[in-house]
Amino acid sequence: MSQLLGASSDDLAFVPSKTRKQSAFSFFNRFSNIGSIDTSGQVRTNAVSHAVAAGGIGANWGTQSSHRLPPSTVVRMLRENSIQKVKLFDADYDTLKALGNSGIEVMVGIPNDMLATLANSRKAAETWVSKNVTVHLPAVLIRYVAVGNEPFLATYNGTFLRTTYPAMKNIQDAVTKAGHGNQIKVTCPLNADVYASASSLPSGGDFRADIHDYMMPIVKLLSDTGSAFTINIYPFISLYIDANFPVEYAFLDGSATPINDGGTSYYNMFDANHDTLVWALQKNGFGNLPIIIGEIGWPTDGDRNANLQLAQRFNQGFMTRMSGGKGTPMRPGPIDAYLFSLIDEDEKSIQPGNFERHWGIFRYDGQPKYQLNMGPSNSSLVPARNVSYLERKWCILKPNAKLDDPQLAPSVSYACSLADCTSLGYQTSCGNLNIQGNISYAFNSYYQQNNQLDEACKFNGLGTITRADPSIENCRFNIIIKPYYGGAARISGCIQQKFALVLGLIMTIFLFSNFSFF
């Protein structure tokens with residue numbers, strides 16, 4: 001049995017985090033024999049025509065990292081890799097300033113926690129546009145304002161249902177009032193759980209009944225203003241959630257048995273998912289509304305299906321599709337899309353899964369993870385230049401430390417709770433480490449995240465600093481990059497973090513002693 005259009009929104013219902021990624025719905029419900037489906041009795045209308053918002057590949061640039069690369073470094077990396085568009089999750093001043101005069105088109109973001117304010121105050125919307133859009137023009141090529149991020153997720157319990165459209169309307173009105181209406185459009189990145197299919201096939205697609213009345217004003221606003229419907233699609237999540245999901249159906253170059261929808265064959269989940277949205281739009285009178293793929297990608301660690309080989313295969317398959325200008329059966333023209341994501345983020349919530357911190361096509365330091373042909377002018381990824389690292393030294397478990405030391409388990413628990421241990425686990429990049437290796441990895445992660453402070457390698461006398469690289473095969477013990485301070489707030493936060501470090505180490509003896517590595 002397989003969920004061939006995507007994972008159910010209920011399958012990740014336990015996840016409250018706004019960073020959750022899911023392919024989103026289960027309307028290709030369960031088939032006992034996917035090779036024998038026949039819906040030839042259904043009538044399929046002609047593929048709709050549509051305008052493409054902008055050509056070229058884009059990338060999501062998230063900043064939930066303990067050590068960010070300087071924005072100027074990232075912008076140069078974007079340009080040298082022929083990435084023509086970037087999607088942001090906020091409107092960080094330094095980031096937008098660095099994008100000035102780069103020729104890169106920008107989608108700036110407004111987080112969900114601002115929706116209520118912007119929905120209830122036109123003045124607040126006008127102020128936001130003035131401070132976050134107008135001030136950067138014309139140097140920054142802002143093309144879209146993403147109002148909210150997947151605000152209709154079921155896990156939000158309707159929190160943003162009544163504020164999303166009014167916030168979008170007020171921001172669009174503010175953009176128009178400021179004289180930018182022809183250049184900048186409002187959109188709202190939505191998760192694919194906003195639509196479903198009664199027939200379990202793309203042609204049965206429609207917006208979910210419980211949110212249909214909220215979706216219609218949004219879709220009409222997008223149509224009236226010449227904007228686009230932004231949707232996030234994640235084949236990986238279907239594979240992550242459902243052990244019976246056919247692996248080949250997750251890839252665009254796969255050899256899965258196709259699904260027949262009224263004479264149209266669907267060979268992969270992306271096409272089926274995308275075209276379910278097309279049908280939903282068409283049934284509601286908006287068949288020509290452009291579609292933007294706001295997020296699509298594959299993680300490289302944190303799960304048995306998240307590795308370099310599968311990520312390379314998926315992303316290269318998608319890039320090949322992009323380069324060839326091939327769309328889907330219902331929209332055969334070029335796809336407008338943003339890869340998720342550009343760079344790994346080690347401070348993202350891992351409630352959806354440990355893979356959340358490993359979506360980047362580049363590592364935290366801007367180094368490529370694998371070969372990826374980005375198009376005719378880029379046969380391989382170009383790394384970030386002039387990256388500054390801290391010293392080549394690591395924190396590891398003392399060789400003579402006893403594994404039954406009562407301070408060991410709470411020390412590791414503390415390190416992993418504040419640093420990043422998501423590469424440890426079954427069939428992950430560091431899944432083959434022994435007990436000592438697991439402990440050393442945890443210690444080093446905390447040590448590096450705290451800028452190699454001596455205090456960060458104490459661990460009640462269990463840690464020691466070494467200059468011999470403890471990395472083994474594919475398991476990398478990272479050396480952190482020098483911190484980038486984008487403003488006074490970040491500097492203050494770093495100082496507070498250092499101040500709390502010693503206190504935190506003292507408190508480790510009070511933490512839970514359960515340690516899964518033993």
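**View 1. Buried residues of helix H6 in the predicted model.** Along helix H6, the side of the structure hidden from solvent includes Met215, Met216, Ile218, Val219, Leu221 and Leu222, which are buried. The elements covering the buried residues of H6 include helix H5 (164-177) and H8, together with strand E5 (185-187), strand E6 (190-191), strand E8 (205-207) and strand E9 (229-232).

**View 2. Length and end of helix H6.** After H6 comes Gly226, a residue with a positive phi, near 75°.

**View 3. The largest nonpolar core.** This core holds 113 residues, among which Leu99, Ile171, Phe207, Phe229 and Ile231 touch the most other members. Helix H8 (residues 269-283) supplies the largest share of the core, with eight residues. When residues up to four places away in sequence are not counted, Leu99 touches Trp61, Val75, Leu78, Val86, Leu88, Ile104, Val106, Ala139 and Val140.

**View 4. Gln449 in helix H11.** Gln449 belongs to helix H11, which runs over residues 435-449. Gln449 counts as buried because its relative accessibility is 6%, where the cut-off for buried is under 20%. Although Gln449 and Ser65 are 384 residues apart in sequence, their C-alpha atoms are 9.8 Å apart in space.

Conventions:
Residues are numbered from 1 along each chain as its sequence is written. This is a predicted model: local features need pLDDT of at least 70, side-chain atom pairs count only at pLDDT 80 or more; totals for chains, interfaces and linings use all residues. Side-chain values use heavy atoms; hydrogens and water are left out. A nonpolar core is a set of buried Ala, Val, Leu, Ile, Met, Phe, Trp, Tyr and Cys residues joined through side-chain atoms within 4.5 Å. Buried means under 20% relative accessible area, exposed over 50%, partly exposed in between (1.4 Å probe, protein chains only). Helices (H or I, at least four residues) and strands (E, at least two) are DSSP runs, numbered from the N terminus. Contact means heavy atoms within 4.5 Å. The expected span of a helix is 1.5 Å times one less than its number of residues.
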